[in-house]
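Hi everyone, thanks for making time today.

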Amino acid sequence: MGEASVKTLEGQSAVTSSPMADESVRPPRSRLARFGELRSPRRPRIWFEILLIAVSYWTYSLIRNAVPEQKAEALRNADWIWEFEKSLGLAFEHSVNHAVNSVTWLIVTMNYYYATLHFIVTIGVLVWLYRWHPGRYAAARLVLFATTGVALVGYYLYPLAPPRLMNGVNFIDTVLVHETWGSMASGDLKNMSNQYAAMPSMHIGWSLWCGLIIFAVASAPWAKILGLLYPTATLVVIVATANHFWLDAVGGILCLGFGFALSYGWYRALPHRLPKVPERQPERRGLRPAVRA
């Protein structure tokens with residue numbers, strides 16, 4: 001069964017195997033081959049991505065806010081960082097905070113920038129990748145998720161007060177002074193967020209992720225320029241609003257480096273080096289569709 005006799009030109013019989021026979025005797029794929037499939041970029045599914053992002057951010061917020069606030073230790077760490085920056089001659093946060101606060105329209109704009117854009121732009125870049133660069137989406141998403149995950153370790157191991165909560169340094173809490181909406185760490189919303197989770201800065205981690213992805217993947221020169229300007233502007237904002245030290249930004253950059261390293265190790269390439277559209281996966285894993293005569 002599974003074989004058929006056919007006549008050759010000389011009138012002799014020959015035995016050929018049917019497609020079903022070829023498929024049945026094909027050796028099973030190895031575990032290494034199956035593992036290789038998992039590491040190959042696939043076209044993302046919208047329902048899964050929405051659910052994954054929603055659950056991941058909910059989990060991130062839950063864990064971040066569940067970390068003990070440890071006020072005394074967080075304030076001691078803030079004092080240490082401030083003294084360390086002064087020893088380097090790079091303790092410029094206080095001057096920037098007071099200078100920008102004197103321009104009302106500018107600091108109010110920065111308050112709303114700080115409260116909203118890290119959500120809006122990050123989600124926008126994810127949607128853009130999903131729609132126009134599906135082959136690069138999963139690798140870029142892994143960078144973002146790994147960056148955020150390792151940041152949670154930083155919040156637990158190194159509680160840190162933001163400059164605006166320090167004692168005796170006279171930083172201005174710009175959200176309180178200008179009565180603007182948005183900060184989860186000031187005003188009526190302060191009890192909904194961990195006040196002492198400033199290191200690392202995920203405003204920098206996420207904005208730099210956005211900027212590098214846009215710069216590497218976008219084709220329009222103006223888009224590449226905006227990609228580079230976005231994390232630069234974010235750095236100015238987090239310092240001017242006294243929500244972070246510049247060293248918190250360094251922590252965010254290190255977390256992002258870990259994210260890119262993990263993604264590279266899994267996909268064996270940086271996101272922008274992967275194909276724009278993933279190769280089509282066969283309906284049956286490891287088997288090519290049978291060719292019918």
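The protein exposes about 17200 Å² of surface, and carbon and sulfur atoms supply 65% of that. Areas like this come from the Shrake-Rupley method with a 1.4 Å probe, and for residues only the protein chains shown count as cover. What we are looking at is a predicted model, in which local features need a pLDDT of at least 70 and side-chain atom pairs count only at pLDDT 80 or more, while totals for chains, interfaces and linings use all residues. Residues are numbered from 1 along each chain as its sequence is written, and side-chain values use heavy atoms, with hydrogens and water left out.

How confident is the predictor? The pLDDT, its confidence in each residue from 0 to 100, averages 83 for the protein, and 74% of the residues score at least 70. Over residues 15-21 the pLDDT is below 50, and this stretch has twelve contacts in the model beyond near neighbours in sequence. Residues 283-293 also have a pLDDT below 50, and there too the model has twelve contacts beyond near neighbours in sequence. A contact here means heavy atoms within 4.5 Å.

Now the overall layout. The protein has eleven helices and two strands; helices (H or I, at least four residues) and strands (E, at least two) are DSSP runs, numbered from the N terminus. Reading along the sequence, the pattern is β-β-α-α-α-α-α-α-α-α-α-α-α. Of the 293 residues, 42% count as buried. Buried means under 20% relative accessible area, exposed means over 50%, and partly exposed is in between, with a 1.4 Å probe and protein chains only. Among contacts between residues at least 6 apart in sequence, 81% join residues at least 24 apart.

Let's go to helix α7, residues 134-157. Its 24 residues reach 36 Å from the first C-alpha to the last, close to the 34 Å expected at 1.5 Å a residue; the expected span is 1.5 Å times one less than the number of residues. Why can we call α7 largely enclosed by the rest of the structure? Because 17 of its 24 residues are buried. T147 is in this helix, and it is buried with a relative accessible area of 1%. Leaving aside neighbours within four places in sequence, T147 is in contact with M202, C255, L256 and G259.

Next, helix α4, residues 71-88, where we find N77. N77 is buried, at 13% relative accessible area. Not counting residues up to four places away in sequence, N77 touches Y158, P159 and L160.

By salt bridge I mean a side-chain nitrogen of Lys or Arg within 4 Å of a carboxyl oxygen of Asp or Glu. E83 pairs with K86, with the closest N and O atoms 3.1 Å apart. Both lie in α4, three residues apart, about one turn of the helix. E83 counts as partly exposed at 45% relative accessibility, and K86 is partly exposed at 42%. The other pair is R164 and D173, at 3.4 Å from N to O. Are those two residues buried or exposed? R164 is buried, and so is D173.

V55 lies in helix α3, residues 46-66, and counts as partly exposed at 43% relative accessibility.

Last, some backbone details. Most residues other than glycine have a negative phi, and most peptide bonds are trans. Here, a cis peptide bond joins M199 and P200, with omega about 0°, and P200 sits in the loop between α8 and α9. E179 lies in that loop as well; its phi is near 50°, a positive value in a residue other than glycine. E179 is exposed, at 72% relative accessibility. A242 has a positive phi too, near 60°. A242 is in the loop between α10 (221-240) and α11 (246-267), and at 0% relative accessibility it counts as buried.

Key
pLDDT is the predictor's confidence in each residue, from 0 to 100.
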